[in-house]
Amino acid sequence: MKTSRLFALGVLSLLASVIPLTGYAQGVRFSQLTSCPGGSLVFLAQDSEGAASDTLCLRPQSGELQWIGGPVRSLARSNGRLFAATRLGLLDMESRNLHPWQRPIVGILPEETDSWPSLKTPLEHSLEGVPQIGETTPFPERYLRLADGTLVFLVDAANPHTYDYRLHDLHTRIEDKVEWRLNRNLEVREWVLSPDSLSWAVVGRLHLPDYGGSQREVVIAGKHGVSHTFSLGTPRSVFWDEGKVLWIWTEEGDIYRLHPQEGAWGQEKVDVKQIDCPCPPNEPEGLWAWTLPQPYAQKQSALAQLSRMKDPGDGSLIRTWLSNESSNSFRPCWGAYLTEAALRQSLPSPPVPGAVARKVAPGTYAGTVAQVRVPENTGIATLHQVDRQGGMASEIWWRFNGGGSPVRMVGPWMRSVQSYPNNVATTP
């Protein structure tokens, strides 16, 4: 019984393998592995192209992997319905049903939905990508006539504070011929009109000379002669749906929904999570090691310090590695243990003069970075980091208590070069 269960889990782990895509080898990093009541595991997953971390839930008994929340990686429409692409599947924004990919994705999906990965259960209708924000272009004759007779139009900026950009002032003229200036010094990206031609939205960047020359990405939306300015991040895609609602997808992976009204507009940040999180994730993992007190700005300088290690003389192998604590800060490390007691038991004295024992981020370390016991399932989950073709990736292994071989449940997911064999990234 246990052998068949492990075999089933092994098959499920292969379904959570990598998609072969072009580009450099880049892995998905897991962190904050947590045991939750009920026997589930929660952890975060992040790749270099993701705007934020995805929160995932793993149920070791069944091998089921669920997406709790994270950045939206693209938008699409099918038969009048809106879908948001997530790491594990395509989320129907109306029914909240998740249509899983055959394999999890890495990074932001392209605009052309034909190149998206296959779904385990295909949709009835083909997907159409949501239009993306284009380059700044002058609109036809620089004005838009609404269905109620209101004009919304652009003029050259009356008082531009810079000549490095083409700036416009946004004006409106209502039926009684009264003209109003809505915004000034606007670098325009796109102009979108609602299906009933009564509401509109301009996507652009405001240049604010009154505030030290700062710039702000905005969506200016209006109905009749009234407008509102929204700062919701950097818009990646803006469009009106058939229900006359303005949707905004941002570079940060968030989705907002704006409802046109005569007064203040209704603004809503769309919650795209599939299920509730069983429990809060733990703090980020750390490894105990002997380190030097100060990090190094140059990687080569940090690597040179690793060669200073004294030979213990007992034939023991001491792991040496770098903890990259920021984009330009590297700390040499000797040893990698999950607890301080294990470090001091194996390496009771500093391997180099002046080293101190401390907990550091795993960084570029290839090996075990966390172990979590799940009492309800009588097993242990282990989080590994592996180096595949120069790209660090994570994987989670599971072992039932009382015997049996460990099974890789999740990962690694990598973005690979075309010549990179698929089986390299799907075998331990």
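Figure 1. At 17% relative accessibility, Q32 counts as buried, because the threshold for burial is a relative accessible area under 20%. The structure shown here and in the following views is a predicted model. Q32 belongs to strand β2, which spans residues 29–36. The phi angle of Q32 is near 60 degrees, a positive value in a residue that is not glycine. The backbone oxygen of Q32 is reached by the side chain of T34 at 2.9 Å.

Figure 2. T34 is a residue of strand β2 and is buried, with a relative accessible area of 3%. Leaving aside neighbours within four places in sequence, T34 is in contact with S40, L41 and V42 as well as with C279, P280, P281, N282 and V372. The side chain of T34 also approaches the backbone oxygen of Q32, at 2.9 Å.

**Figure 3. The disulfide between C36 and C279.** The structure holds 1 disulfide, which joins C36 to C279 with an S to S distance of 1.9 Å. This pair links distant parts of the chain: C36 lies in strand β2, whereas C279 lies in the loop between β21 (266–269) and β22 (287–291), 243 residues apart. The torsion about the S-S bond of C36 and C279 is about -65 degrees, so the disulfide is left-handed. Both C36 and C279 are buried. C57, by contrast, is in no disulfide; its nearest cysteine sulfur, that of C36, is 6.5 Å away.

**Figure 4. Nonpolar cores and the contacts of F30.** The largest nonpolar core has 46 residues, and those with the most contacts inside it are F30, I255 and I396. Strand β26 (residues 367–374) gives the most to this core, with 4 residues. A second, separate core comprises 15 residues, among them A221, F230, W240 and L258. Beyond its neighbours within four places in sequence, F30 is in contact with F43, L44 and A45, with L383, S394, E395 and I396, and with V410, G411 and W413.

**Figure 5. The cis peptide bond between G411 and P412.** G411 and P412 are joined by a cis peptide bond, with omega about -5 degrees. P412 is placed in the loop between β29 (407–410) and β30 (414–415).

**Figure 6. N185, a residue with positive phi in strand β14.** N185 lies in strand β14, which covers residues 179–193. Although N185 is not a glycine, its phi is positive, at about 55 degrees. N185 counts as buried, at 1% relative accessibility.

Figure 7. A85 is located in strand β7 (residues 81–85) and counts as buried, at 0% relative accessibility. Not counting residues up to four places away in sequence, A85 touches P71, V72, R73 and S74, together with L90, W101, L109 and W116. A85 and L98 stand 13 residues apart in sequence, with a C-alpha to C-alpha separation of 9.4 Å.

**Figure 8. The buried side of helix α2.** Helix α2 runs over residues 299–306, and A302, Q305 and L306 within this helix are buried. These residues cover an arc of only 110 degrees around the axis, which puts them on the same side of α2. An α-helix has 3.6 residues a turn, so residues three or four places apart point the same way.

**Figure 9. Overview for orientation of the close-up views.** The protein chain has 3 helices and 30 strands. Of its 428 residues, 48% are buried. Among contacts between residues at least 6 apart in sequence, 50% join residues at least 24 apart. The chain exposes about 20,400 Å², of which carbon and sulfur atoms supply 49%.

Definitions and conventions
Residues are numbered from 1 along each chain as its sequence is written. This is a predicted model: local features need pLDDT of at least 70, side-chain atom pairs count only at pLDDT 80 or more; totals for chains, interfaces and linings use all residues. Side-chain values use heavy atoms; hydrogens and water are left out. Helices (H or I, at least four residues) and strands (E, at least two) are DSSP runs, numbered from the N terminus. Buried means under 20% relative accessible area, exposed over 50%, partly exposed in between (1.4 Å probe, protein chains only). Contact means heavy atoms within 4.5 Å. Accessible areas come from the Shrake-Rupley method with a 1.4 Å probe; for residues, only the protein chains shown count as cover. The arc is that of the directions from the helix axis to the C-beta atoms. A disulfide is a pair of cysteine sulfur atoms within 2.5 Å. A nonpolar core is a set of buried Ala, Val, Leu, Ile, Met, Phe, Trp, Tyr and Cys residues joined through side-chain atoms within 4.5 Å. A polar contact is a pair of N or O atoms within 3.5 Å; within protein, one must be able to donate a hydrogen and the other to accept it, and residues adjacent in sequence count only if both atoms are side-chain atoms.
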